[in-house]
Amino acid sequence: MTAPGSADLWSDDDDQDVEEFTVRPYTVTGGRTRPSGTDLPVEALVEATAAPEVGMTPERRTILELTRTSYLSIAELSAHVHLPVGVVRVVVSDLAQSGKVRIHGLSMTSAPQPATTISVLESVLNGISSL
């Protein structure tokens, strides 16, 4: 029961939106929780190499449109598409495997080597120390 003059905060439309959101990420990825290739870091930059096609899902279409003119990271795409980072990782990985996007800063065939990661961290630490 709502007070006179107040808005009904739990209308049927609100419930429908909540239910759709809880199901939607699962359907976007086909039930997968991890990319089929290399796990993509949130800072990996994505560049479109193809235009959206007829019949693509809205998420794939939006990612291709957003990355057509500029590079965007996985985290930025997640914010623009309004989907969790894990879902965007799966979708971008699928687009990369089909040749529709290029991912910069990571080879899709192999994960970063621990020595490379340590050297990058040492460089960052040295840069911070010099400040």
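Predicted model: local features only at pLDDT ≥ 70, side-chain atom pairs only at ≥ 80, totals over all residues.

Residues are numbered from 1 along each chain as its sequence is written, and side-chain values use heavy atoms, with hydrogens and water left out.

**Stop one.** Select Glu 47 and Arg 102: their side chains form a salt bridge at 3.2 Å, N to O (a side-chain nitrogen of Lys or Arg within 4 Å of a carboxyl oxygen of Asp or Glu). Glu 47 sits in strand β1 and Arg 102 in strand β3, 55 residues apart (strands are DSSP runs of E, at least two residues; helices are H or I, at least four; both are numbered from the N terminus). Glu 47 is buried at 17% relative accessibility, while Arg 102 is partly exposed at 43% (buried is under 20% relative accessible area, exposed over 50%, partly exposed in between, with a 1.4 Å probe and protein chains only).

**Stop two.** Now pick Lys 100 and Glu 53, which meet in a salt bridge at 2.9 Å, N to O. Both ends are in loops: Lys 100 between α4 and β3, Glu 53 between β1 and α2.

**Stop three.** Go to Arg 60 and Asp 94, a salt bridge at 3.1 Å. Arg 60 is in helix α2 and Asp 94 in helix α4, so the pair ties together parts 34 residues apart in sequence. Both residues are buried.

**Last stop.** Head to helix α5 and click Ile 128, which is exposed at 53%.
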